[in-house]
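Take a look at the structure below.

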Amino acid sequence: MDELRKAPHGGGSPELAALDRDASLRGYWPGSAWPVECGGNRRQKLARSPGLGLKPNDRLTSTSRTNGRWNVMFVQRDPGELYLYSTDMMGTANPVGRVERVHPESLETEAVSPDLATGGHIWCGAIVVHENGDIYCANGRYVHRLDADCSVVAERELPTDGPHNGLLVTSDGMIVTKDIRLGPPSSVILLLDPARLDIVARVEAPEPSMGRIAIDGEWLYVPGTEHLFRYRVTAGELALDDSWSPRYRRPGGGLAWDSCLYDGSAWLMDNGDTEAVHMIVEAQPSGSRVAEVERLTRYDVAQGVIRVSTEDGGATSFEPFGAARGWIIAPPLVHDGLVICWDTGNSLLGAFRADTFEEVWRNTMCVSMQPVLYPDTGELVVDDQTGGAHAVVVDVRTGEERGRALTDCPMLPNGMFFTPGFERDLYMCEPLAVARVAAR
């Protein structure tokens, strides 16, 4: 256990060394290999720790913990320090958020925050580890600052009476968040001072926004209901770029979640606003109503992948699988010339060339979560919600399955997050339960 607490990340490989120099982690705790969802502000989902290194005789084991909560994501602080953010399940009266420091092997609670106010809203917020060492959490209409022992340092009720879905740290340490909306009025973006969470800047986006924000350098990218927008973030100000607002939404297609920023382009997938998402977000307050939905997707078209140039705003798209009524609840992964995408509704996963959109491989899997890629070993980790909640390791170049573990998490497509671990392991967040998957 002591070795686990002290284990460094990086492993000395050129791929990981390059990631450690990645500017998308400026503003975050320097001792962390994964201080924010998707591993960095560009949302590339690339692990900065060594891969699992699965060999032919290795197997994956799973340790699960059921807590009855909507588990959203894990983040790392120092090696061996693991934090879990969760909120109450939909339909809960007087919902609260919670941040826990958990044991990296057993997943048992080592420290826990008091109940965190949500303003009555239930939604999957976010957690980050700031460069000052404290934990920041977007939770309903609140942002909280907590110390390493999960005690509350500061709390801010946000001006929008609705849930906020995403929290990032800018390179100069400011906190930025946004509310989630599927229809009018437009979303509001906030810049907060990290000390007391005072609001430094507040802007209204040109459109409502469902997907989470991403940052590359000084640019903050916001997906609207029709277009992609960006703001220059400098010296505590948010300035809209009036010259850049490309349309990503295709005829007959739906809304996009987050964008993955890679090699001069923003990559998105559409048809993300499923009937379940509308049911949760449009309830008053958010998440207060639980009901069965007869049809998951609102759209008859196939799932689309959209590439938008961050230079001239030019947009191109393709339908990777061509299956009708495709939908997703998580954005693509793009790295080293490959676009990894999926269609949750039709249980398809594949890799395509980023330049020509040519298919490289495809598998039949019901993928719903935010994946993780270990660039040093080429191991892509996804979920498969077929016959249970599985964590699956796939060769990113060939699509060959290298290993899988059936967890005790409920089978429920959910769009939550994987997090790399500390020693040939990783973590999986699902509604009602969490799991640690380790290579042996």
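What follows is a set of questions and answers on this predicted model.

Trainee: Which residues have the most contacts inside the largest nonpolar core?
Mentor: The largest nonpolar core has 122 residues. A second, separate core has 21 residues, including Leu52 and Cys409. In the largest core, the residues with the most contacts are Val99, Leu220 and Ile340.

Trainee: Is strand E2 largely enclosed or exposed?
Mentor: Strand E2 covers residues 82-87. On one side Leu82, Leu84 and Ser86 are buried, and on the other Tyr83, Tyr85 and Thr87 are buried. Buried here means under 20% relative accessible area. Six of the six residues of E2 are buried, so the strand is largely enclosed.

Trainee: Which residue in E3 is the bridge partner of Tyr83?
Mentor: Strand E3 spans residues 96-102. Six bridges join E2 to E3, and the two run antiparallel. The bridge partner of Tyr83 in E3 is Arg101.

Trainee: Which residue takes a positive phi in the hairpin of E1 and E2?
Mentor: Strand E1, residues 60-76, is joined to E2 by six bridges and runs antiparallel to it. Gln76 has Leu82 as its bridge partner in E2. The hairpin has five residues between the strands. The residue with a positive phi, near 90 degrees, is Gly80.

Trainee: What phi does Cys150 have in the turn between E8 and E9?
Mentor: Strands E8, residues 142-146, and E9, residues 152-157, pair in the antiparallel sense over five bridges. Leu146 stands opposite Val152 in E9. E8 and E9 form a hairpin with five residues between them. Cys150 and Leu146 are both among the contacts of Val99. The phi of Cys150 is positive, about 70 degrees.

Trainee: Why is one side of E10 and of E13 left without a neighbour in the sheet?
Mentor: The open sheet has four strands in the order E10-E11-E12-E13, paired antiparallel. E10 and E13 stand at its edges, so each has a single partner strand.

Trainee: Which residue of E13 is the bridge partner of Leu191?
Mentor: Strand E12 takes in residues 188-192. E12 pairs with E13 in the antiparallel sense over five bridges. The partner of Leu191 in E13 is Ala201.

Trainee: How many degrees does the twist average in the sheet of E14, E15, E16 and E17?
Mentor: This open sheet has the order E14-E15-E16-E17, with antiparallel pairing. E14 (214-216) and E17 (237-240) stand at the edges, so one side of each is left without a neighbour in the sheet. From one strand to the next, the twist averages 30 degrees.

Trainee: Which residue in E15 is the bridge partner of Ile215?
Mentor: E14 and E15, residues 219-223, pair in the antiparallel sense over three bridges. The partner of Ile215 in E15 is Leu220.

Trainee: How far apart in space are Gly264 and Glu311?
Mentor: Gly264 sits in the loop between strands E18 and E19. Gly264 touches Val308, Ser309, Thr310 and Glu311, leaving out residues up to four places away in sequence. Gly264 and Glu311 are 47 residues apart in sequence. In space, C-alpha to C-alpha, they are 6.9 Å apart.

Trainee: Is Thr274 buried or exposed?
Mentor: Thr274 lies in the loop between E19 and helix H3. Beyond its neighbours within four places in sequence, it is in contact with Leu296, Trp327, Ile328 and Ile329. Its relative accessible area is 3%, so Thr274 is buried.

Trainee: Which element gives the largest share of the lining of the largest pocket?
Mentor: The largest pocket holds about 740 Å³ of space. It is lined by 32 residues, and Met90, Ala276, Ile280, Pro413 and Asn414 lie nearest its centre. The largest share of the lining, four residues, comes from H3.

Trainee: How many residues line the second largest cavity?
Mentor: There are two cavities of 30 Å³ or more. Closest to its centre are Asp22, Ser24, Gly39, Gln44 and Arg48. The number of lining residues is eleven.

Conventions:
Residues are numbered from 1 along each chain as its sequence is written. This is a predicted model: local features need pLDDT of at least 70, side-chain atom pairs count only at pLDDT 80 or more; totals for chains, interfaces and linings use all residues. Side-chain values use heavy atoms; hydrogens and water are left out. Two strands pair if DSSP finds at least two bridges between them. A nonpolar core is a set of buried Ala, Val, Leu, Ile, Met, Phe, Trp, Tyr and Cys residues joined through side-chain atoms within 4.5 Å. Buried means under 20% relative accessible area, exposed over 50%, partly exposed in between (1.4 Å probe, protein chains only). Contact means heavy atoms within 4.5 Å. On a 1 Å grid over the protein atoms alone, a cavity is a set of points where a 1.4 Å probe fits but cannot get out, and a pocket is an open set with protein on both sides within 12 Å along at least five of seven lines; lining residues have an atom within 4 Å of a point. Grid points are joined across faces, edges and corners, and a volume is the space filled by probe spheres set on the points. Axes are lines fitted to C-alpha atoms, for helices over the stretch in contact, and angles run from 0 to 180 degrees between N-to-C directions.
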